[in-house]
Number of protein chains: 2
Amino acid sequence: MDMDERKLRILQAIIDDYILTGIPVGSRTISKKYDMGLSSATIRNEMSDLEELGYLDQPHVSAGRIPSTKAYRLYVDTLMRNGRIQSDTADSIRALFQGRISQMEDVIDHAAQVISSLTNYTAVVLSPKGVQPRLETIQLVPIGQGMALVVIVTDSGIIRDNVIRVGREMDQDTLYNISRALTGELRGKTLTEVCALMPNLIERMRENNEVLEGIYGCLSSDQQSGRRTHMAVGGTSNMLAYPEYNDMDKARNFLSLMETRDKLAEIIQGNGEMAFTVRIGPETGVPEMSDCSIVTATYSTRGGQQGTIGVIGPTRMRYSRVLGILIAMGHELTDLFSGDGDSRSMKGGTL
Amino acid sequence: MDMDERKLRILQAIIDDYILTGIPVGSRTISKKYDMGLSSATIRNEMSDLEELGYLDQPHVSAGRIPSTKAYRLYVDTLMRNGRIQSDTADSIRALFQGRISQMEDVIDHAAQVISSLTNYTAVVLSPKGVQPRLETIQLVPIGQGMALVVIVTDSGIIRDNVIRVGREMDQDTLYNISRALTGELRGKTLTEVCALMPNLIERMRENNEVLEGIYGCLSSDQQSGRRTHMAVGGTSNMLAYPEYNDMDKARNFLSLMETRDKLAEIIQGNGEMAFTVRIGPETGVPEMSDCSIVTATYSTRGGQQGTIGVIGPTRMRYSRVLGILIAMGHELTDLFSGDGDSRSMKGGTL
DNA sequence: GTTAGCACTCAAAGCGATCGAGTGCTAACA
DNA sequence: TGTTAGCACTCGATCGCTTTGAGTGCTAAC
């Protein structure tokens, strides 16, 4: 027995229906709602075949069929009606960034909000990371009380700042001179290289010991704490609206997973090289998510760093719609961050 | 009929028991578990009185009694065993800030995590706001591509930064000179005053028009967008563990309230002048929270700005424990932010 | 004032009957 | 050979009934 054209059409109808309603689909439903010109009995035979082929599951003998992971996979890979996003949705995404948004964090938070409300699933947006950035400028700004702000600018336009102690006697000009010297010495090096060179510099510029130690401290703490990635999550409560999360324990598990940010970031990041990914149920690799799917897309900044946008929903997700929205959002963010020269910022917490 | 010593003791027992178990308390439970030397019949009479006085409610006639809002109020105000916090809990709070934490955002996120896991309720922490800060320094840092970072430092140690466009021909020195001029002109003024003066300055320093416009733009956008307060929420999933949130709709409502950050901030901020507040059920003023209680405490920074820590839980909250933890955390944060001179930073997103 | 006893109430749990959506199989038909 | 009508069968969901038990209020006795 083999897959034929008609089986595919029936399978598609079943998946479409199940994604819509969330209740197991019976043969009669298919023969009535989607007019295939076939009686329910015939559909029944086909469904039985499809089950044998592993595309359908049956919760119990007197219930309809539900698509298996394999079916969703097929659906996403070949069956899915091309997710040409509604042009009004695209417009609404674009419109949402019209207003002046200055901080990358805000953009990311906003994006998560927007995606979750457009899709009605849970959205996660991760700030860019990637390529080792190179130092552009380093500058000290006095902030009083014997403290100074270290501003580190890299070629990817990403800025890191941190407060350090400096002696009371350091005024704005002294700090500026130190800044110039450092920038001259270190420009163009990657941050790891800068870190490696610092002990040397501290030797050479003895008189500014405290300041350099401070800068070194904050650089290396960043290095070790790895990539401080900003992450925004939106619409976690959306999931509770789906009947598959009527079970309280399940809901709680899901929510607490959404709260453990490190793990969540790791899951979403995934094998983040692809422009977009769809992971269905067990493919997520997360046991707690065996009945969720994760769709991700990426966006990039002018420095070539990559950020990730993800949507988490039930396996019966509206894949085409979600993909469309994510890709549109990815383009929008790429435009926004690719330094097309408007007054928007690309400051971010990442290093 | 009046409140007497014995009634109080019984009421206290009922509240204690209900807080612990969450199920309506019967007369027999009280007479057995808390040995008052009274039979269930006597307790029954007293409970009937307490109900008449408005301290107890009865879900239905053959169920036990549950404390009313009035009872909790009495409990919090006078009955509650003083919440001397367990010394090991205090230690664990202190320990949690031993590690080097450099950004205020991180401290706040961390604090929310810690409080929610110590209390098992939902925790909210708001960054400081208050007193209009005065300008200390303003400095421009070139970041390439004809862009510059504007760093604005105020007397409260709070820093704001933003990216603006400058002409390509602006090098580090030029920018530094503009910075000095501006700082000289504007130091000591509140940010509102600075905003008001800017148009004037733009007139006078024609040649640097673009730069000044940029600075003005980011200042005034901050002014209008109000106080950008950072907020961290932790342990929202904790609430689902309480039987009062077994109802899915209720749970969803609660969660989506937790997601509307503006509203949540407003609720927690409340009448934030007091060192701590306890709002019970309807006292929260939020219809969706009529069966929650909110406990808040404040902490402050060296600039005299006040931040708020809050816990949201069911009305049958372990008030004394929560209050103890919040107050301890408040002290800890105040120490941390009061500029006791260690290398920790107080950079924050607020202006 | 306290307590034992008792009738009463009512939500929750248990139980069986019924319903109905859906299946698989068979036999007839084109 | 593929399609369809028909029918027996399955089994979760629903409804209504009974039972159970926690808890009350009241009364009468101590």
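How many helices and strands does chain A have? Chain A has 12 helices and 10 strands. Helices are DSSP runs of H or I with at least four residues, strands are DSSP runs of E with at least two, and both are numbered from the N terminus.

## Basis of the model

This is a predicted model, in which local features need pLDDT of at least 70, side-chain atom pairs count only at pLDDT 80 or more, and totals for chains, interfaces and linings use all residues. Residues are numbered from 1 along each chain as its sequence is written, chains are lettered from A and ligands numbered from 1 in the order in which they are written, and side-chain values use heavy atoms, with hydrogens and water left out.

## Chain A overall

Chain A has 351 residues, of which 55% count as buried. Buried means under 20% relative accessible area, calculated with a 1.4 Å probe on protein chains only.

Contact means heavy atoms within 4.5 Å. Taking the contacts in chain A between residues at least 6 apart in sequence, 61% join residues at least 24 apart.

## A sheet in chain B

Chain B contains an open sheet of 5 strands in the order β7-β3-β10-β9-β8, with antiparallel pairing. Two strands pair if DSSP finds at least two bridges between them. The edge strands, β7 (231–234) and β8 (276–280) of chain B, each pair on one side only. On average, neighbouring strands of this sheet are turned by 15° against each other, direction ignored.

Within the sheet, β9 (residues 292–300) and β10 (residues 306–314) of chain B run antiparallel and are joined by 9 bridges. Helix α12 (residues 319–337) of chain B lies across β8, β9 and β10 of chain B, at about 25° to β9(B). Angles run from 0 to 180 degrees between N-to-C directions, and the axes are lines fitted to C-alpha atoms, for helices over the stretch in contact.

## Around DNA strand D

DNA strand D is surrounded by 21 residues, the closest being A:Arg6, A:Thr42, A:Val61, A:Ser62 and B:Ser27. A residue is near the strand if one of its heavy atoms lies within 4 Å of it. Of the DNA strand D atoms that come within 4 Å of the protein, 77% belong to sugar and phosphate. Helix α3(A) gives the most to the surface near DNA strand D, with 4 residues.

A polar contact is a pair of N or O atoms within 3.5 Å. A polar side-chain atom of A:Thr42 lies 2.6 Å from a phosphate oxygen of DNA strand D. For base oxygens of DNA strand D, the distance is 3.3 Å from a polar side-chain atom of A:Arg44 and 3.2 Å from one of B:Arg44.

Technical notes: A polar contact is a pair of N or O atoms within 3.5 Å; within protein, one must be able to donate a hydrogen and the other to accept it, and residues adjacent in sequence count only if both atoms are side-chain atoms. Buried means under 20% relative accessible area, exposed over 50%, partly exposed in between (1.4 Å probe, protein chains only).
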